[in-house]
Amino acid sequence: MTIDPRLLAAYLAAEYVVFCEPAIALRIGERSEALDGLLDEAGAETAAFVTASNPGGKPADPGVNAISTEALLLAQREAGYACIPGVGRDPRGEWPAEPSVLVLGISRREAEILGRSYEQNAVVFVERGGAPELVLLA
């Protein structure tokens with residue numbers, strides 16, 4: 001399966017906003033000192049920004065997206081991960097924002113499995129000191 005080039009471009013251009021104080025906006029390929037600080041505080045080396053919204057990149061009902069996001073958040077907390085809600089958003093406003101979750105301490109492999117379990121095309125993965133990267137799952 002191949003991701004539509006327009007959708008891939010949207011993923012690469014998106015801002016992945018973590019709802020902490022102050023909020024942190026992550027961008028693919030741009031290291032974030034604020035995220036490194038958050039990882040340090042949590043004692044984590046890695047994190048993944050994952051959504052359960054709009055499986056396969058196809059728009060879903062906002063209510064369904066909200067329920068899926070809550071299930072994702074609860075499941076990861078029950079698995080022992082610290083999680084912070086967030087949103088993936090298009091800085092130009094052409095795509096609707098997607099409720100998402102930053103999962104602290106998750107491995108890349110676990111993040112890929114998690115993304116696939118919610119039928120996502122990609123997740124954003126980052127290691128402390130590195131830049132967020134888009135990990136394609138499709």
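Strand S3 (residues 46–51) is joined to strand S5 by 5 bridges, and the two run antiparallel; strands here are DSSP runs of E with at least two residues, helices are runs of H or I with at least four, and both are numbered from the N terminus. Two strands are said to pair if DSSP finds at least two bridges between them. The model is predicted, so that local features need pLDDT of at least 70 and side-chain atom pairs count only at pLDDT 80 or more, whereas totals for chains, interfaces and linings use all residues. Residues are numbered from 1 along each chain as its sequence is written, and side-chain values use heavy atoms, with hydrogens and water left out.

Strand S5 (residues 98–104) also pairs with strand S4 (residues 82–89), in an antiparallel arrangement with 7 bridges. Leu-104 in S5 stands opposite Ala-47 and also opposite Ala-82. Of the 7 residues of S5, 6 are buried, so this strand is largely enclosed by the rest of the structure. Buried denotes a relative accessible area under 20%, exposed one over 50%, and partly exposed a value in between (1.4 Å probe, protein chains only).

Strand S3 pairs with S6 as well, in the antiparallel sense over 4 bridges, and Ala-47 stands opposite Val-126 in S6. Strand S6 is mostly covered, with 5 of its 6 residues buried. Between S6 and strand S7 (residues 133–136) there are 4 bridges, again antiparallel, and Val-123 stands opposite Val-135 in S7. These two strands, S6 and S7, form a hairpin with 5 residues between them, and Gly-129 in the turn has a positive phi of about 90 degrees.

Helix H3 contains 17 residues and should span 24 Å at 1.5 Å a residue; its end C-alpha atoms are 24 Å apart, which agrees. The expected span is 1.5 Å times one less than the number of residues. The buried residues of H3 include Asn-65, Thr-69, Leu-72, Leu-73 and Gln-76. They cover an arc of only 95 degrees around the axis, which puts them on the same side of H3; the arc is that of the directions from the helix axis to the C-beta atoms. Among the elements that cover these residues are S3, S4, S5 and helix H4 (108–117). The face turned away from the buried side carries the exposed residues Ile-67 and Glu-78. Ala-71, which lies in H3 (residues 62–78), is partly exposed, with a relative accessible area of 35%.

H3 is followed by Gly-80, whose phi is positive, near 100 degrees.

The largest nonpolar core has 23 residues, of which Tyr-16, Val-18 and Leu-102 touch the most other members. Apart from it lies another core, of 17 residues, among them Tyr-81, Val-103, Tyr-118 and Phe-125. A nonpolar core is a set of buried Ala, Val, Leu, Ile, Met, Phe, Trp, Tyr and Cys residues joined through side-chain atoms within 4.5 Å.

Technical notes: Contact = heavy atoms within 4.5 Å.
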